[in-house]
Amino acid sequence: CWVCLVCWVCLVGFVLNQLPPRYIRYDVDMAFYLPQSERIHMEQRVQTAINVAISQISKKKELNDKPT
């Protein structure tokens with residue numbers, strides 16, 4: 001279930017907990033201050049974190065949906 005707000009909040013929380021903190025106020029800040037290699041690495045880490053979060057939430061949903 002990816003339509004409910006609770007699932008989206010869980011997803012965002014899981015993703016953000018896997019990533020190091022970064023303060024980027026505007027897109028131009030990221031483009032100007034980060035070397036391209038670091039930006040690409042950051043984008044890859046975000047995609048990996050999203051995939052892991054989706055997997056974790058899906059597993060928890062499967063466990064909760066199993067009859068006891």
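Colleague: Before we start, what should I keep in mind about the model and its numbering?

Modeller: The model is predicted, so local features need pLDDT of at least 70 and side-chain atom pairs count only at pLDDT 80 or more, while totals for chains, interfaces and linings use all residues. Residues are numbered from 1 along each chain as its sequence is written, and side-chain values use heavy atoms, with hydrogens and water left out.

Colleague: Happy with that. What volume does the largest pocket have?

Modeller: First the idea: on a 1 Å grid over the protein atoms alone, a pocket is an open set of points with protein on both sides within 12 Å along at least five of seven lines, whereas a cavity is a set where a 1.4 Å probe fits but cannot get out. Points are joined across faces, edges and corners, and the volume is the space filled by probe spheres set on them. Here the largest pocket comes to about 330 Å³.

Colleague: Which residues of its lining lie nearest the centre?

Modeller: Lining residues have an atom within 4 Å of a point. There are 14 of them, and Leu19, Pro20, Arg22, Met42 and Val46 lie nearest the centre. Helix H1 (5–18) and helix H3 (36–65) are the elements that give two or more residues, and H3 gives the most, with six. Helices are DSSP runs of H or I with at least four residues, and strands are runs of E with at least two, numbered from the N terminus.

Colleague: How many lining residues fall in each class?

Modeller: Ala, Val, Leu, Ile, Met, Phe, Trp, Tyr, Cys and Pro count as nonpolar, Asp, Glu, Lys and Arg as charged, and the others, Gly among them, as polar. That gives 10 nonpolar, one polar and three charged residues in this lining.

Colleague: Now H3 itself. How does its reach from first C-alpha to last compare with the span expected?

Modeller: The expected span is 1.5 Å times one less than the number of residues. H3 has 30 residues and reaches 43 Å, close to the 44 Å expected.

Colleague: Which H3 residues are buried, and what do they pack against?

Modeller: Buried means under 20% relative accessible area, exposed over 50%, and partly exposed in between, with a 1.4 Å probe and protein chains only. Met42, Ala49, Ala53 and Ile57 are buried in H3. The buried residues of H3 pack against H1 and helix H2 (27–33), where contact means heavy atoms within 4.5 Å. For contrast, Phe32 sits in H2 and is exposed at 63%.

Colleague: How many salt bridges does the structure hold?

Modeller: We look for a side-chain nitrogen of Lys or Arg within 4 Å of a carboxyl oxygen of Asp or Glu, and the structure holds two. In one, Glu38 pairs with Arg22, with the closest N and O atoms 2.3 Å apart. Glu38 lies in H3 and Arg22 in the loop between H1 and H2, so this pair ties together parts that are 16 residues apart in sequence. Glu38 is partly exposed at 30%, as is Arg22 at 48%.

Colleague: And how far apart are Arg39 and Glu43 along the helix?

Modeller: Both lie in H3, four residues apart, about one turn of the helix. Arg39 is partly exposed at 24%, and Glu43 is partly exposed at 41%.
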